[in-house]
Amino acid sequence: LVVEDDAVVALDVAETLAESGFEVAGPAPSVARALDLIERAGCDVAVLDINLGSETSAPVAQALIERGTPFVAMSGYSREQLPAIFAERR
């Protein structure tokens with residue numbers, strides 16, 4: 001699953017993953033779309049942009065943690081600026 005609100009970045013990440021042999025769900029530009037994809041299609045691993053415009057992907061990270069699904073997060077934030085759910089994880 002790719003969660004990214006910038007269309008150019010989202011397509012680049014999805015294309016890179018697909019070229020590496022991954023089946024890509026998304027990209028999802030919002031929390032609602034990402035959670036919908038997780039529920040409908042499932043997810044084995046995710047790439048999350050932390051800042052999704054007016055929201056963060058923290059609810060998506062929480063859903064993935066509850067399911068035991070690994071994820072990586074992308075951000076321009078410093079560690080001190082990260083939402084707690086991301087700052088607590090390494």
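Let's begin with Ala25, which is buried, because its relative accessible area is 18% and the cut-off for buried is under 20%. Keep in mind that this is a predicted model. Ala25 sits in the loop between α1 and α2. Setting aside residues up to four places away in sequence, Ala25 touches Leu1, Val2 and Leu37. Take Val2: Ala25 and Val2 are 23 residues apart in sequence, yet their C-alpha atoms are 6.5 Å apart in space.

Now for Val24, found in the loop between α1 (7–19) and α2. Val24 is partly exposed, with a relative accessible area of 26%.

## Two helices side by side: α2 and α3

How do you describe two packed helices? You give the angle between their axes and the distance between the axes. For helix α2 (residues 31–41) and helix α3 (residues 58–67), the axes come within 9 Å and cross at roughly 20 degrees. That makes the two helices, α2 and α3, roughly parallel, because angles under 35 degrees count that way. The crossing of α2 and α3 is right-handed.

Which residues do the touching? From α2 come Val31, Ala34, Leu35, Ile38 and Glu39, and they meet Pro59, Val60, Ala63, Leu64 and Arg67 from α3. Sort the residues of this contact by type and you get 8 nonpolar, 2 charged and no polar. Here's a handy bit of background: an α-helix has 3.6 residues a turn, so residues three or four places apart point the same way.

Within α3, Ala58, Val60, Ala61, Ala63 and Leu64 are buried.

## A pair of rings: Phe71 and Phe86

How many aromatic pairs are there? The count comes to 1 aromatic pair. Phe71 and Phe86 form an edge-to-face aromatic pair, 6.2 Å from centre to centre, with 90 degrees between the planes. Phe71 belongs to strand β5 (residues 71–74) and Phe86 to helix α4 (residues 84–87), so the pair ties together parts that are 15 residues apart in sequence.

Is Phe86 buried or exposed? Phe86 is buried, because its relative accessible area is 5% and buried means under 20%.

How values were computed. Residues are numbered from 1 along each chain as its sequence is written. This is a predicted model: local features need pLDDT of at least 70, side-chain atom pairs count only at pLDDT 80 or more; totals for chains, interfaces and linings use all residues. Side-chain values use heavy atoms; hydrogens and water are left out. Axes are lines fitted to C-alpha atoms, for helices over the stretch in contact, and angles run from 0 to 180 degrees between N-to-C directions. Helices (H or I, at least four residues) and strands (E, at least two) are DSSP runs, numbered from the N terminus. Angles under 35 degrees count as roughly parallel, over 145 as roughly antiparallel, 65 to 115 as roughly perpendicular and the rest as oblique. A crossing is left-handed if the near helix is turned anticlockwise from the far one by less than a right angle, and right-handed if clockwise. Contact means heavy atoms within 4.5 Å. Ala, Val, Leu, Ile, Met, Phe, Trp, Tyr, Cys and Pro count as nonpolar, Asp, Glu, Lys and Arg as charged, and the others, Gly among them, as polar. Rings of Phe, Tyr and Trp (its six-membered ring) pair if their centres lie within 6.5 Å; planes under 30 degrees apart count as stacked, over 60 as edge-to-face and the rest as tilted. Buried means under 20% relative accessible area, exposed over 50%, partly exposed in between (1.4 Å probe, protein chains only).
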